[in-house]
Structures are given as structure tokens and as C-alpha cells.
Amino acid sequence: MLGFASALYVVMERAVQDHVDRELDEAAIAAARSLEEHRFGPFLLLDDLAHAFPELALIDKFFHIFGPHGQITLQSANIKSRGIPLSQTSLKAALQGHTTFETVRFHNEIPIRLLSYPIRHGDTLVNILRVGMSLRSGEDMLSRLVFVLLIGSPLAVAVSMLGGWFLAGRALRPVDSITLAAQRITGGDLTQRIHTTSKDEIGRLASTFNDMIARLEASIRQTRQFSADASHELRTPLTITKGETELALRKPRSPDTYREVLESNLEEIDRMSRIVDELLFLSRADLGEITMASVPVQLDTVVREIQSQAMVLGNERGIETILEHSEPVQVLGDEWRLRELVLNVVDNAVKYSPPGGTVQLSITTTDGRAQIVVQDHGIGIAPDEQRVIFDRFHRTDAARAHAQQGTGLGLAICKWIVETHHGTIDIDSAVGQGSRFTISLPLLSA
Ligand code: ADP
């Protein structure tokens with residue numbers, strides 16, 4: 001406000017002075033022209049002048065006409081200017097043919113602007129015309145401006161402070177609620193959300209914050225669920241091992257019974273180590289610690305080898321695995337992981353098939369991608385379960401009833417392997433009729 005007020009004052013002051021100077025200049029030029037045209041002698045009487053040159057009479061300013069040595073020869077009826085002699089500076093400038101502007105104070109009080117204008121005949125200075133005008137009205141206007149600025153500036157500052165305080169308060173209120181929500185979340189309550197309807201920056205911040213809390217909540221819930229599932233899955237074999245061992249130790253048994261108990265315990269220990277191994281693998285995958293080779297892999301060879309393994313796996317329950325279609329397919333990736341991926345899916349197909357069932361395998365190039373299809377005629381998966389079987393530890397009730405030896409981690413690992421190879425894995429299944437798993441991977445040539 002101070003800068004603005006000062007600038008306004010300076011600009012107005014200049015404008016007033018420029019206006020006065022221009023008027024004086026115009027008046028002087030008009031009067032001088034008259035004087036030059038009518039070739040005055042150096043001495044004139046006021047009445048003659050007024051009669052002969054009505055232009056001069058029209059000047060609303062006062063004027064003097066000085067002789068070439070600065071002595072006064074004529075002045076307007078307006079007496080105001082009496083007693084203001086021609087200054088040495090103006091006289092010197094007039095002798096050199098220059099006009100001069102000056103500001104003086106009449107009786108040390110009224111400000112007057114003076115213009116001294118030389119009138120020449122050829123090279124000779126004949127008269128010096130001085131036109132003057134009071135600056136009082138301009139000064140009055142400027143002092144009124146100062147008054148307005150003195151009152152107006154603090155008022156404007158006060159009003160803008162109040163307005164700013166009000167607006168900032170309104171704009172920042174949602175920030176307060178964000179802070180409060182954040183404090184409550186720090187206290188462990190992740191159900192907190194910020195309620196806002198505004199669509200501005202704060203509104204967007206609030207909704208981003210809400211999304212973030214929602215993701216955090218989901219992630220924490222998932223982690224808790226995961227820990228609970230992991231403990232549960234590990235506790236079952238531990239309970240079995242403990243129970244069997246305690247029972248065996250209750251009284252002396254035959255070596256065969258001990259052997260049986262130890263074999264059963266070994267089975268459970270195997271299961272636990274498998275769970276721990278798979279968990280470790282997934283945790284390392286989450287941390288990005290698993291390194292993947294990226295080399296050409298002959299996928300049809302991998303599938304053929306897995307078919308023979310599947311025959312061994314299904315041997316006990318008479319389940320046959322047939323390779324229905326195979327063509328040479330090369331992909332870029334990690335052979336060992338791709339083998340694990342196909343084996344997991346084929347192992348599931350065998351595991352969830354009824355005794356004497358068949359599993360069909362095929363590997364083809366479809367739509368420019370490598371496609372492995374594993375089809376079984378087993379228990380099948382209900383549509384709402386198809387979305388979640390890739391979650392860690394998720395096993396359908398039907399699967400639990402059908403096969404004891406699952407961990408619920410196999411498909412989670414499969415999904416991770418497929419995704420790191422830029423592929424997809426899809427299910428098409430009907431309960432009681434069987435499932436078809438389709439793995440699609442980019443071809444090496446692509
Ligand atoms: P699991 O060790 O239990 O087989 P997976 O992660 O490999 O764990 O599979 C998760 C679940 O998906 C299984 O428990 C089962 O419910 C279901 N599932 C997987 N493959 C099949 C299949 N071929 N037929 C029916 N259900 C399947």
C-alpha cells in the first residue's frame with residue numbers, strides 16, 4: 001500500500017505539473033505569436049495591449065512582459081505576480097533563446113508556476129514574456145489525495161487482512177480435518193476418512209489421502225490375513241506331529257509303530273518345509289530379490305518333460321497325462337522358473353482329478369503368443385472362487401476335502417512367474433466338470 005500510495009502521489013504530481021506546463025506553454029506561444037506579428041515596440045500600455053490583442057486578454061493566467069534587460073515593461077491586471085522579478089537564470093536562458101519553467105512561492109505561500117519565453121526579432125531579444133499560473137488548485141488536489149491515501153491505505157490493509165484471514169481460514173479448514181484424520185490413523189484407526197465435497201486442490205488432496213488410507217488399510221488387512229493364514233497352515237502339521245509323537249511316547253511301542261510315526265512326522269515336516277520354502281520365495285519376490293534369467297527357452301521341450309513327470313505323479317491314482325498337441329515354441333525367460341510354473345499347474349490338474357482321470361496338455365503358437373493349455377476333468381472351481389485362488393493360502397473347501405497335501409501358495413507363485421515373463425494365466429472351469437488353465441507368454445520372435 002505504501003509503494004502504491006507513493007507511486008500514485010508521484011504520478012499525480014507529475015500529471016498536475018505537466019498539465020500546468022502545457023497550458024502555460026500554449027498560452028505563451030499564442031501570446032508571443034501575436035506580439036511578433038504586430039511588431040511591438042519595447043514599451044506598451046496595458047489598455048492598448050488589451051484592445052489590440054484580445055488573445056492576451058483571453059489568457060486566464062497572469063503575465064509580464066520584460067524588456068531585454070529584465071526590466072518590467074508591462075504586466076497583467078492580475079496583481080498576483082507583482083513583486084516576482086525575473087530570475088537571473090530565466091534572463092540568461094532568454095538571452096540564449098531558451099524558455100524556462102520555474103516554481104516560486106508568492107508571499108512565501110501561494111505556489112506559482114512561471115514560464116519565461118523569449119520574443120525575438122531576428123537575432124535580437126526584444127521582450128521576455130512571462131506567463132504564470134497558480135498551482136494552488138493542483139496542490140489542493142494533491143493534499144486531498146494524500147488525505148484519502150492516509151485514511152484509505154490503512155483501511156484497505158485492514159480489510160484485506162480480515163478478508164485474507166477469513167478466506168485462509170475457510171480454505172484451510174479441510175487441512176485441519178486431514179491433520180486430525182492423520183493423527184487418528186497414527187493412533188491405529190485406519191477406518192478414518194476425510195469428508196469433503198469440494199473439488200478444489202484441497203478436495204483433491206483429501207480424496208488422494210482417502211485413497212491412500214484405503215490402500216493402506218487393504219494392505220494391512222492383507223498382511224494380517226497373510227500372517228494368520230501362514231500361522232494356521234504351519235500350526236496344522238505341527239499339531240499333527242506333536243499329537244502323534246506324544247501318543248507314541250505314552251507307552252513302549254514296537255519298532256514298526258515308531259517307524260510309522262516317524263514316517264508320518266517326516267511327511268508333515270516335508271509339508272512345513274515346503275510352506276516355508278514357498279513363503280520365503282514369495283517374500284523374496286515381493287522384495288525384488290529374485291533374479292530371473294532372460295534366455296531363449298525351448299518351451300515345448302519343457303512341457304514334454306513335465307508330461308512325463310505328471311505321468312509319474314498320477315501313477316498311484318491311475319491318472320494319465322496326455323500331450324495332445326505340441327509344436328516348437330521358443331520364449332525368452334528363465335527356464336527353471338517356467339518349468340516350476342507349468343509343473344505347478346499340471347500338478348494341480350493331477351491332484352484335483354478323480355482316480356483314473358485324464359489330464360490333457362498342449363503347447364501351441366496362438367495369435368503370435370506361446371500358449372500352454374492344461375485341461376483336467378476334476379473337481380472344478382466355482383466362478384466366485386476363480387478370482388481368489390491366486391491369493392496366497394487360498395484353497396477352496398472342495399480342494400481341502402479332496403487333497404490334503406496342498407499349501408495354497410502354488411498358484412500365487414505361478415502368477416508371479418507369469419507376470420515377470422509378461423504373460424497371463426486364465427481359468428475356465430465348472431464345478432464337477434473340470435478346469436482349463438491357459439498360460440500365454442510372448443514368443444521369443446516377438
Ligand atoms: P494348492 O497347493 O492348494 O493346490 P494352489 O495355489 O496351487 O494351492 O491352488 C490354490 C487353489 O486353487 C487350490 O487349493 C484349489 O482350490 C484351486 N485349484 C487349483 N488348481 C485347480 C484345479 N486344477 N482344479 C480345481 N481346483 C484347483
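This is a predicted model: local features need pLDDT of at least 70, side-chain atom pairs count only at pLDDT 80 or more; totals for chains, interfaces and linings use all residues.

**The ligand and its surroundings**

Ser440 has its place in strand E12. With 9% relative accessibility, Ser440 is under the 20% limit, so it counts as buried. Its side chain joins that of Arg369 in a polar contact of 2.7 Å.

Strand E12 (434-442) is also one of the elements that give two or more residues to the shell around the ligand, together with helix H9 (335-351) and helix H12 (410-420). Helix H9 gives the most, with three residues. Leu341 lies in helix H9 as well. The relative accessible area of Leu341 is 0%, and because buried means under 20%, Leu341 is buried. From Leu341 to Pro111 there are 230 residues in sequence and 101 Å in space, C-alpha to C-alpha.

Now the ligand itself. It sits in the largest pocket. In total, 21 residues surround the ligand, and the closest are Asn348, Asp376, Arg395, Thr396 and Leu411. By type, the shell around the ligand divides into nine nonpolar, nine polar and three charged residues.

Several distances can be given for oxygen atoms of the ligand. A polar side-chain atom of Arg395 is 2.6 Å from an oxygen atom of the ligand. For Thr396, an N or O atom in the side chain lies 2.7 Å from a ligand oxygen. The ligand taken alone exposes 530 Å², and the protein buries 98% of that.

His422 is found in the loop between helix H12 and strand E11 (424-430). This residue is not a glycine, yet His422 has a positive phi of about 60°. Its relative accessible area is 63%, and since exposed means over 50%, His422 is exposed.

Asp367 is found in another loop, between strand E9 (358-366) and strand E10 (369-376). Asp367 is not a glycine either, and has a positive phi of about 50°. At 77% relative accessibility, Asp367 is over the 50% limit and therefore counts as exposed.

Terms used. Residues are numbered from 1 along each chain as its sequence is written. Side-chain values use heavy atoms; hydrogens and water are left out. A residue is near a molecule or strand if one of its heavy atoms lies within 4 Å of it. A polar contact is a pair of N or O atoms within 3.5 Å; within protein, one must be able to donate a hydrogen and the other to accept it, and residues adjacent in sequence count only if both atoms are side-chain atoms. Accessible areas come from the Shrake-Rupley method with a 1.4 Å probe; for residues, only the protein chains shown count as cover. On a 1 Å grid over the protein atoms alone, a cavity is a set of points where a 1.4 Å probe fits but cannot get out, and a pocket is an open set with protein on both sides within 12 Å along at least five of seven lines; lining residues have an atom within 4 Å of a point. A molecule sits in a cavity or pocket if more than half of its atoms lie within 2 Å of its grid points. Helices (H or I, at least four residues) and strands (E, at least two) are DSSP runs, numbered from the N terminus. Ala, Val, Leu, Ile, Met, Phe, Trp, Tyr, Cys and Pro count as nonpolar, Asp, Glu, Lys and Arg as charged, and the others, Gly among them, as polar. Buried means under 20% relative accessible area, exposed over 50%, partly exposed in between (1.4 Å probe, protein chains only).
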